[in-house]
Amino acid sequence: MLGVTLFLRQTYKIGLSIGCFLMSQAALSAEPILPIPSSLPHDPDKAALGKLLFSDVRLSKDNSLSCESCHFLDRAGVDFLDQSRGVNGQLNKRNSPTVYNSALNFRQLWDGRIDSLDDQVRVVVKNPKVMGMDSWEETTQKLKETDNYAEQFQNIYGRPINSQDIQHAIAEYERTLLTPNSPFDRYLKGDANAINQQAKLGYQYFKSYGCVSCHQGANVGGNLFQKVGVLKDINLLKGFGTDMGRFAVTGNEWDKRVFKVPSLRLAVLTPPYFHNGSVRTLREAIDIMTEFQLGRQVPDAHKDAIIEFLKTLPGDLPKGGK
């Protein structure tokens, strides 16, 4: 009888644990925001090679810029400029978003014209206002003549160095640049004490006011397009200029001022804001969003709570990115 009792108690404990796990999973699946995965599939050797290339200025025409020149890994993956500078100090018309968690975006660049990280590398290196290389043949030749890149590519990819493998290696490295284990992620996974009460309240406001309709998923954005100025003409706001966003890509009238929704994962660390870097503070950005996108009057106390919630979103930077 004692053995049966012990067996029943143990079975009850196992059943209770499974039940709690299933309830926590169900609660997690009901939330519009998901935890960032600890890793994405990638080849470690190719990613290590991509890390070298990411910081190599020889990818630029005049050997003055690397990928890291606009995406400083020790500055949350950005350069803190309104618009980034390319070769010869040329000014780009858009702000450089963080490279961290970019692998979680459904498209790349503000207008979403790039489908993959590999293609982004291909386009940016040849962009005359960014890296300024005349051709990928020129880029490949530069790398063949320096260090031991040719040998590394042969050993890792099993063939001579070529443009596709250069692009792929850098993209493989970028797939490792995730920021998991944020306080909010731990909260989503069941740690009720991972964030404070003000942040919990801010998350509820973030959902109830409708912010989450555009900023959701693991990256809290980066997974859809949206017009800037849904409920109020953004032209009324000084500094937004003439950038038409996806209209330049598609030519469709309804794509005017449509951009990829930015990720908010590292928003508290990556000013300035918007595609043109025209907004200096997170509070001002929230003011604009609630007025022009939501058409809502939001009390200052609620905005403060939302900012407290946003502070819980950054997670651990990968080793070497601190």
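## Exercises on a mostly helical layout

Along the sequence, the elements run α-α-α-α-α-α-α-α-β-α-β-α-α. The model is predicted; local features need pLDDT of at least 70, side-chain atom pairs count only at pLDDT 80 or more, and totals for chains, interfaces and linings use all residues. Residues are numbered from 1 along each chain as its sequence is written, and side-chain values use heavy atoms, with hydrogens and water left out.

**Exercise 1. Count the helices and strands.**

Solution. Take DSSP runs, numbered from the N terminus: helices are H or I with at least four residues, strands are E with at least two. The protein then has 11 helices and 2 strands.

**Exercise 2. Classify the ring pair F153 and Y157.**

Solution.
1. A pair of aromatic rings is described by the distance of the centres and the angle of the planes.
2. Rings of Phe, Tyr and Trp (its six-membered ring) pair if their centres lie within 6.5 Å; planes under 30 degrees apart are stacked, over 60 edge-to-face, the rest tilted.
3. The structure holds 10 such aromatic pairs. In this one, the centres of F153 and Y157 are 5.7 Å apart and the planes meet at 15°, so the pair is stacked.
4. Both residues belong to helix α5 (residues 149-157). They sit 4 residues apart, about one turn of the helix.
5. Check burial: buried means under 20% relative accessible area, exposed over 50%, partly exposed in between (1.4 Å probe, protein chains only). F153 has 0% and is buried. Y157, at 11%, counts as buried too.

**Exercise 3. Find the residues that touch the most other members of the largest nonpolar core.**

Solution.
1. Such a core is a set of buried Ala, Val, Leu, Ile, Met, Phe, Trp, Tyr and Cys residues joined through side-chain atoms within 4.5 Å.
2. The largest has 35 residues; I33, F184, F206, F309 and L310 touch the most other members.
3. Elements giving two or more residues to this core are α7 (183-188), α8 (197-208), α10 (282-293) and α11 (300-310).
4. A second, separate core of 27 residues includes F54, V99, W136 and Y173.
5. Now follow F206. Leaving out residues up to four places away in sequence, its contacts (heavy atoms within 4.5 Å) include I33, H215, L264 and F309.
6. F206 also belongs to one aromatic cluster with F184, Y187, Y203 and F309.

**Exercise 4. Locate the lysines over aromatic faces.**

Solution. The test: NZ of Lys or CZ of Arg within 6 Å of the ring centre and within 35 degrees of the ring normal. K232 lies over F292, 5.3 Å from the ring centre. K256 lies over F247, at 5.1 Å.
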